Amino acid sequence: MRFCSRGFAFLCIACIAASVSLFAQAIPAAPADFKIASTADSSVSLSWSASPGALSYKVYHSTAPGVTPANATKRIGGIIPTSYTVSGLTNNTPYYFIVTAVNASGESDPSVQQTATPSAS
């Protein structure tokens, strides 16, 4: 019979739990340098700096200021690069955007909010 470091029979639950906690990844920090890269006809391009430990990003937007993950009109997840173009927006309407970083442990706090107004000009 095999024994773990605590003297218990192999597959000791306490040892498995301790091992899992050693490999737990911290929730990433909020993306930094979030900005509006450009605006165009019915679209807004966003960019941000990579958050260490992030596997993907989520973009949230609303037509009301103070956008949060909970009150956003639209949520776009699974973004891998550190830029994204949101399309299908209404021209001459202000939009408020935030971005979060995501990994297996969870979702970061939101970035600083940015505002942009797409236009056909």
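This is a predicted model: local features need pLDDT of at least 70, side-chain atom pairs count only at pLDDT 80 or more; totals for chains, interfaces and linings use all residues.
A residue counts as buried when its relative accessible area is under 20%, as exposed when that area is over 50%, and as partly exposed in between.

**The protein as a whole**

The protein has one helix and eight strands. Read from the N terminus, the order of these elements is α-β-β-β-β-β-β-β-β. Of the 121 residues in the protein, 31% are buried. The protein exposes about 7,000 Å², and carbon and sulfur atoms supply 58% of this area. Among the contacts with a separation of 6 or more, 60% are between residues 24 or more positions apart.

**An open sheet of three strands**

Three strands, in the order S1-S2-S5, form an open sheet with antiparallel pairing. S1 and strand S5 (83-87) are the edge strands, since each of them pairs on one side only. On average, neighbouring strands of this sheet are turned by 20° against each other, with direction ignored. S2 and S5 run antiparallel and are joined by five bridges.

**Ser-43 in strand S2**

Ser-43 belongs to strand S2, which covers residues 43-47. Leaving aside residues up to four places away in sequence, Ser-43 touches Thr-85, Val-86, Ser-87, Leu-89 and Pro-118. Is Ser-43 buried or exposed? Its relative accessible area is 13%. The cut-off for buried is under 20%, so Ser-43 is buried.

Most residues other than glycine have a negative phi. Asp-33 has a phi near 55°, which is positive although the residue is not glycine. Ser-42 also has a positive phi without being glycine, with a value near 65°.

Where do these two residues lie? Asp-33 is in the loop between helix H1 (13-22) and strand S1 (35-40). Ser-42 is in the loop between S1 and S2.

Asp-33 has a relative accessibility of 55% and therefore counts as exposed. For Ser-42 the relative accessibility is 23%, so this residue counts as partly exposed.

| Residue | Relative accessibility | Class |
|---|---|---|
| Ser-43 | 13% | buried |
| Ser-42 | 23% | partly exposed |
| Asp-33 | 55% | exposed |

Methods:
Residues are numbered from 1 along each chain as its sequence is written. Side-chain values use heavy atoms; hydrogens and water are left out. Helices (H or I, at least four residues) and strands (E, at least two) are DSSP runs, numbered from the N terminus. Buried means under 20% relative accessible area, exposed over 50%, partly exposed in between (1.4 Å probe, protein chains only). Contact means heavy atoms within 4.5 Å. Two strands pair if DSSP finds at least two bridges between them. Axes are lines fitted to C-alpha atoms, for helices over the stretch in contact, and angles run from 0 to 180 degrees between N-to-C directions. Accessible areas come from the Shrake-Rupley method with a 1.4 Å probe; for residues, only the protein chains shown count as cover.
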